[in-house]
Amino acid sequence: MRYDNLLASVGNTPLVGLPRLSPSPDVRLWAKLEDRNPTGSIKDRPALKMIEEAEKGGLLRPGCTILEPTSGNTGISLAMAAKLKGYRIVCVMPENTSEERRQLLRMWGAEIISSPAAGGSNEAVRVAKQVAAEHPDWVMLYQYGNDANALAHEEGTGPELLADLPSITHFVAGLGTTGTLMGVSRYFRRAKPDVRIVAAEPRYGELVYGLRNLDEGFVPELYDASLIDSRFSVGPRDAVRRVRELLELEGIFAGVSTGAILHAALGQAAKAVKAGESADIAFVVCDGGWKYLSTGAYEGTVGEAEDRLEGQLWA
Amino acid sequence: MAIEVRIPTILRTYTDGEKAVSGDGASLSALIDDLEASHPGIKDRLIDNGDLRRFVNVYINDEDVRFIGGLEAELTDGDQVVVLPAVAGG
């Protein structure tokens, strides 16, 4: 397939069947390979859309500096687009994210401000809001509250899924900014309202949840619970186990968060089998496993990998 | 009937530092009342105006209770309940 430039090639990712992980010929799993995007993650979609919308609205002009709190992938996607479009970019990133993500960010030209490990992305958001107040001329696209994040999936991911899998019954994705689930759900609520929208949320080690008051928690502004039908919390043990099964049985090398999503997808598949219903369950492969090799998630026993992920932001 | 409840770091002041406590109840709201009896003060940290606090997430066997009946979500012997503060991803 031919594109005029790299940015034009974002999206239109393959949907592949998983015959060996699917429990029966009537209950099938399908993987949407978002690692095939230019920087290797699903975040290329919202990053490009947020930049385009900000340019349209006059918020982003030549010479601008972009600021974003990110645990990695969104920052990498924004940095790639910023490089091609000539913007400076500063990312606020928790210090307990993998070294690969930092190196990639720097390669694409991003400057990194580290936020404390304790509190995870909540802290990155808080620090970024402080930095934004100190630099009112910088443009914070703010993926957690930017409608263009969800719009990228409403206009892209959702329609692509329905075109490739008209019989789709379930869509399963990770819950971070909530953009993927919100956008895809908005599309299906219109186009095929009986599709069940299922969220898989990573459950980290205790350090990540921090010691701050419960009233200082964080729910992304984009989140609308009515667009989701069920939501599961998946710990590192199940995520690692599933991400290894995905490679072992279907040959797909995915990042750890995809293991969490697959775990929730398999739960839906088991439910359909038990109920004697047929199902076509599509889920998101957010990125490849390359950026997480140093976390130790792919070596040794599942228990060892689980221990190594303690305290890390693995999704 | 015994239900294991995993307590986040921030709420362990109510459980003498215990990471997990045991409780009883046929619904989440009954379980929280039972927890309050043995760990006074914890209910107010979980519930506000008769509903779960905005930044508190509760899961029964890993499923978010807000999608399975909220405080009226049913519990059976051996279920595991996890309480976590809401955090950002992305």
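Which residues does A:Val284 touch, not counting residues up to four places away in sequence? I looked it up: A:Lys32, A:Glu34, A:Ile42, A:Ala173, A:Gly174, A:Thr180 and A:Ile261. Contact here is C-beta atoms, placed from the backbone, lying within 7 Å.

**Ground rules.** I am working on a predicted model, where local features need pLDDT of at least 70, side-chain atom pairs count only at pLDDT 80 or more, and totals for chains, interfaces and linings use all residues. Residues are numbered from 1 along each chain as its sequence is written, with chains lettered from A and ligands numbered from 1 in the order in which they are written.

**Confidence.** I noted ipTM 0.94 and pTM 0.95 for the model. Chain B has an average pLDDT of 94, with 97% of the residues scoring at least 70; pLDDT is the predictor's confidence in each residue, from 0 to 100.

**Back to A:Val284.** I find A:Val284 in strand E10 (residues 279-285) of chain A. My elements are DSSP runs numbered from the N terminus: helices are H or I with at least four residues, strands E with at least two. A:Val284 counts as buried because it has 29 C-beta neighbours inside 10 Å. The cut-offs I use: buried means 20 or more other C-beta atoms within 10 Å of the residue's own, exposed means 12 or fewer, and partly exposed is in between, with C-beta atoms placed from the backbone. I also checked A:Phe171, which is 113 residues away along the chain, yet its C-alpha atom is 8.3 Å from that of A:Val284.

**Helix H9 of chain A.** H9(A) is mostly covered, with 15 of its 19 residues buried. After H9(A) I see A:Gly276, with a positive phi near 70°.

**Parallel sheet, chain A.** I traced an open sheet of 4 strands in the order E5-E4-E3-E6, with parallel pairing. At its edges sit E5 (111-115) and E6 (139-140) of chain A, each pairing on one side only. Strands pair if DSSP finds at least two bridges between them. E3(A), residues 65-69, is joined to E6(A) by 2 bridges, and A:Leu67 has A:Met140 as its bridge partner there. Helix H4(A), residues 120-134, lies across E3, E4 (88-94), E5 and E6 of chain A, at about 140° to E4(A). That angle is between N-to-C directions, from 0 to 180 degrees, with axes fitted to C-alpha atoms, for helices over the stretch in contact.

**Strand E5 of chain B.** 4 of the 5 residues of E5(B), residues 56-60, are buried. I count 5 bridges from E5(B) to E7(B), residues 80-85, running antiparallel, and B:Tyr59 stands opposite B:Val82 in E7(B). In E6(B), B:Tyr59 has B:Asp64 as bridge partner. E5(B) and E6(B) make a hairpin with 2 residues between them, and B:Asn61 in the turn has a positive phi of about 45°.

**Where the chains meet.** How many residues does each chain give to the contact? I get 31 residues from chain A and 22 residues from chain B. On the side of chain A that touches chain B, H4, H7 (206-209) and E9 (230-234) of chain A give two or more residues. E9(A) provides the largest share, 5 residues.

Key:
Two residues are in contact if their C-beta atoms, placed from the backbone, lie within 7 Å.
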